[in-house]
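Please open the structure in the viewer and keep the sequence beside it.

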Amino acid sequence: MRASSMCLVFGLVLLMGWTSEAQPYAAVPQRCCFDFVDFQIPAKKVLSASKTNSHCPVAGVVVTTPRTEFCVKPDEPWVKLLLER
């Protein structure tokens, strides 16, 4: 009787863990910057500039040009001017 009670309790604990809605949720932002360019992009080439999501591990700005996108550091003076426009 004791072994069957232990199996029943163990089974219920496994069932509760399997059906629990308290599982971790890892939302990964779509745009994060990990590598940054170290040169200034001419303002006339910039189509848009937007900050990365606050859930990204490192703050950054995504600068879009006609050909590609670059990640730049938001504390650069020329980047601050781009974001003000």
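Select Cys71 first: in this predicted model, the residue has a relative accessible area of 17% and is therefore buried, the limit being under 20%.

Which cysteine is joined to Cys32? Select Cys56: a disulfide links Cys32 and Cys56, at 2.1 Å from S to S. Cys32 is found in the loop between helix H1 (2-19) and E1, and Cys56 in the loop between E1 and E2, so the bond ties together parts 24 residues apart in sequence. This link is left-handed, with -85 degrees about the S-S bond. Cys32 is partly exposed, with a relative accessible area of 22%, whereas Cys56 is buried at 10%. The count of disulfides comes to 2, and with the bonded cysteines numbered in sequence order, the pairing reads 1-3, 2-4.

Next, select the strands. They form an open sheet of 3 strands in the order E1-E2-E3, paired antiparallel. Strand E1 (48-51) and strand E3 (69-72) are the edge strands, each pairing on one side only. Neighbouring strands are turned against each other by 25 degrees on average, direction ignored. Between E1 and strand E2 (residues 61-64), the antiparallel pairing extends over 4 bridges.

Proceed to Thr65, in the loop between E2 and E3. Is Thr65 buried or exposed? Its relative accessibility is 10%, so Thr65 counts as buried. Apart from neighbours within four places in sequence, Thr65 is in contact with Ile41, Lys45, Leu47 and Phe70.

Finally, select helix H2 (residues 77-84), which lies across E1, E2 and E3 and runs at about 70 degrees to E2. Within H2, the residues Trp78, Val79 and Leu82 are buried. Viewed down the helix axis, the buried residues of H2 fall within an arc of 100 degrees, so they line one face. E2 and E3 are among the elements that cover them. Turn the view to the face of H2 directed away from its buried side, where Pro77, Leu81 and Glu84 are exposed.

Methods: Residues numbered from 1 in each chain as written. Predicted model: local features only at pLDDT ≥ 70, side-chain atom pairs only at ≥ 80, totals over all residues. Heavy atoms only, no water. Pairing = 2+ DSSP bridges. Helix = DSSP H or I, 4+ residues; strand = E, 2+ residues; numbered from the N terminus. Axes fitted to C-alpha atoms, helices over the stretch in contact; angles between N-to-C directions. Contact = heavy atoms within 4.5 Å. Buried < 20%, exposed > 50% of the residue type's maximum accessible area, 1.4 Å probe, protein only. Arc of directions from axis to C-beta. Disulfide = S-S within 2.5 Å.
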